[in-house]
Amino acid sequence: MSFLDLKNVTKIYPNGTKAVHETSLSVDEGEFMVFVGPSGCGKSTLLRMVAGLEDITEGDINLDGKLINEVDPSERDVAMVFQNYALYPHMNVYNNLAYGLKNRGIDKETIEQKVNDAAKLLQISDYLQRKPSMLSGGQRQRVAMGRAIVRNPKIFLFDEPLSNLDAKLRIQMRLEIKKLQQKVGVTSIFVTHDQVEAMTLADRLAVINNGIIEQLGTPIEIYDNPKSLFVAGFIGSPQMNFLDGNIKNKTLSAEGFEIKDIDSDFEGEVKLGIRPEHLSQRENSLINLKVDLVEQLGSDNLVYGQLKDKKDFCYRCPGNLTIEKGADLSLNIENNKYYIFDKSTGKRVN
Amino acid sequence: MTRFITSSFSHLILLIGILIMVVPVWMIFASSTHTSSMINMNGLQMFLGDSFYENYLRVLLYQGGFFKEITALKMFFNSFIMATGVAILSVVTSLMAAYALVYYRIKYATLLFWIIFITILVPLELRIFPTYSVMAELNLVNSYFGLIVPISASAIATLFFRQFYKTVPDELLESAKLDGANTWRFFVDFLIPLSKTMIVAMLIFMFVFGYNQYLWPLLVTTSEQYWTVVMGLKMMSGSIVHRFAFVMMSMVPPILIIIVLQKYFIKGVFQDK
Ligand SMILES: Nc1ncnc2c1ncn2[C@@H]1O[C@H](COP(=O)(O)OP(=O)(O)OP(=O)(O)O)[C@@H](O)[C@H]1O
Ligand SMILES: [Mg+2]
């Protein structure tokens with residue numbers, strides 16, 4: 001059994017909303033697991049069940065070899081960082097960090113040392129006497145982290161802790177969280193709806209949709225090998241291009257072009273997925289793109305345009321290529337990196 | 001220019017209002033420092049006399065009442081006990097009632113709250129005889145307990161605390177729980193410190209409420225030993241200057257409380273969220 005084990009966990013809220021369906025998942029000790037998915041898919045619910053803040057309707061959760069379904073949150077030895085930090089407004093930073101330790105009956109000197117160590121690690125030693133209202137967003141974020149770290153819990157739970165920060169600080173804190181987790185080595189679950197955050201932080205990633213884990217794997221596995229239409233569309237930025245098509249006798253015909261000898265026995269209506277970065281310009285290729293707009297990011301250009309059938313399409317090319325608005329490009333799919341999904345079920349078929 | 005006129009006009013109105021309120025009080029105070037014969041001959045006075053110490057000391061120590069068993073000093077003591085008791089007891093009970101209503105999974109908590117709330121519409125006077133017979137049954141007539149307890153459940157204070165607790169974000173409770181706090185610790189370590197200013201405001205409020213009670217103490221005390229200041233205002237016999245002096249002194253405790261704790265009072269009622 002792994003460190004954290006969820007077995008067929010289901011959550012139905014009292015009002016009848018089924019937020020999590022029969023989900024099973026294992027997290028190893030020291031692993032950084034990320035739950036990613038669109039708003040309302042049940043990420044927070046799943047996390048809160050691990051924390052003990054929501055009852056489990058069905059299924060079992062084991063932590064460190066112990067069934068914790070009925071264990072009170074105060075006894076679970078988990079720490080959580082909330083989206084709005086939930087710092088204790090009437091306590092200064094020192095007491096915010098020390099409160100959990102005091103409740104465990106730890107003696108004063110040990111508390112002081114632990115708080116000071118955590119404060120040093122997070123570079124908040126200078127603010128220990130301040131109230132949370134006198135801190136900036138980033139500093140509050142650190143205090144929230146410190147409150148989790150100082151107790152040395154079995155598991156860290158993060159519920160979108162970065163979403164209240166501005167873009168630049170978010171990237172910085174993202175890095176720091178990752179570094180910190182590697183240093184401290186505590187098993188962590190991090191919830192986000194930002195796929196870039198998910199990709200950069202995760203050891204393993206669970207893509208959740210409608211209360212179901214659609215795919216579980218390392219970020220690269222999921223990026224390279226999405227198992228469903230949803231995962232393919234959700235992971236990757238800019239989003240994967242999807243075209244309607246039809247397969248007959250191993251030949252896929254999309255509007256305007258055909259791909260022969262595909263690696264699938266599927267027949268019928270499909271969606272063809274092509275990542276913008278898996279394209280290159282070559283004369284007389286399959287895909288003809290009429291350019292509408294070019295976004296220059298410096299290192300890359302994002303070229304938006306339309307195919308023959310007026311379908312929107314995106315192509316990512318190196319930043320040193322100059323592409324004019326209105327140009328006609330002929331694009332080739334590199335290394336046959338395309339994905340085919342069954343149109344009715346959304347399952348990958350190649 | 002027009003601004004000057006309108007602002008001096010509103011100041012004038014304020015000034016008149018203040019005078020209307022202050023002048024009678026001042027006249028009573030000024031008159032209370034004269035001798036009785038002076039007042040009886042010349043009517044109310046606008047300026048201070050020189051019998052201040054004599055009058056006030058006499059009132060404080062005079063054995064009043066029908067049986068000459070009580071002094072004004074004792075009445076102040078009784079009132080103080082009663083007002084403090086009412087203030088503390090009602091704040092404690094309403095803090096806890098609000099805590100239970102907001103944080104415990106009580107069925108029909110909202111309905112319960114509205115039932116409590118409706119009692120605001122039922123004045124003490126309406127339930128005074130049933131309450132009295134309960135106290136009489138329990139043998140609590142003529143005791144501080146009997147004076148204090150029946151008027152110490154405050155729907156208003158419960159309302160204030162409940163509304164305040166409802167604004168405390170859920171994450172605070174959740175993160176306290178994860179930090180190992182049980183329900184009692186959350187109450188003591190979080191809700192009480194967070195509602196500190198409101199608690200002080202309610203203490204003042206209920207102190208004044210308890211101090212101002214008239215009908216209830218009148219009913220529930222037959223022994224002069226338990227007379228309160230407000231009852232004394234009616235019962236005190238004696239010369240006019242002494243009664244004036246007593247009236248003046250009866251205003252002191254509530255005013256003192258408000259002046260001392262004014263800072264918290266304003267903050268608690270109007271600024272706390
Ligand atoms: N207390 C509740 N009672 C009833 N339904 C709830 C409750 N909390 C959440 N839900 C529902 O459960 C589903 C999952 O909610 P959840 O908060 O887990 O989503 P989420 O993935 O965290 O979304 P977000 O990214 O917006 O935070 C949603 O449909 C939501 O409306
Ligand atoms: Mg959420």
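What domains does the domain assignment of chain B give? The assignment lists domain 1 (1-50) and domain 2 (69-270), with bounds that come from an automatic or database domain assignment. Their C-alpha centres lie 33 Å apart. Domain 1 of chain B gives 11 residues to the contact and domain 2 of chain B gives 7 residues, where contact means heavy atoms within 4.5 Å.

Before we go on, a word on the model. It is predicted, so local features need pLDDT of at least 70 and side-chain atom pairs count only at pLDDT 80 or more, while totals for chains, interfaces and linings use all residues. Residues are numbered from 1 along each chain as its sequence is written, chains are lettered from A and ligands numbered from 1 in the order in which they are written, and side-chain values use heavy atoms, with hydrogens and water left out.

Now look at chain A. Its secondary structure comes to 8 helices and 20 strands; these are DSSP runs, numbered from the N terminus, with helices (H or I) of at least four residues and strands (E) of at least two. Of its 350 residues, 52% are buried, a label for those under 20% relative accessible area, while exposed means over 50% and partly exposed lies in between (1.4 Å probe, protein chains only).

Next comes ligand 1. Among the 14 residues around ligand 1, Ser39(A), Gly40(A), Lys43(A), Ser44(A) and Thr45(A) come nearest; a residue is near if one of its heavy atoms lies within 4 Å. Helix α1 (residues 43-51) of chain A supplies the largest share of this shell, 3 residues. The table gives polar contacts, which are pairs of N or O atoms within 3.5 Å.

| Residue | Part of the residue | Distance to an oxygen atom of ligand 1 |
|---|---|---|
| Cys41(A) | backbone N or O atom | 3.2 Å |
| Gly42(A) | polar backbone atom | 3.0 Å |
| Ser44(A) | side-chain N or O atom | 2.5 Å |

Taken alone, ligand 1 exposes 640 Å², and the protein buries 63% of that; such areas come from the Shrake-Rupley method with a 1.4 Å probe.

Finally, some backbone details. Most residues other than glycine have a negative phi, and most peptide bonds are trans. The bond from Ser237(A) to Pro238(A) is cis, with omega near -5°, and Pro238(A) lies in the loop between α8 (229-234) and β11 (241-248) of chain A. Asn249(A) has a positive phi near 50° and is exposed, with a relative accessible area of 62%. In chain B, Asn142(B) has a positive phi of about 60° and is partly exposed at 22% relative accessibility.

Definitions and conventions:
A polar contact is a pair of N or O atoms within 3.5 Å; within protein, one must be able to donate a hydrogen and the other to accept it, and residues adjacent in sequence count only if both atoms are side-chain atoms.
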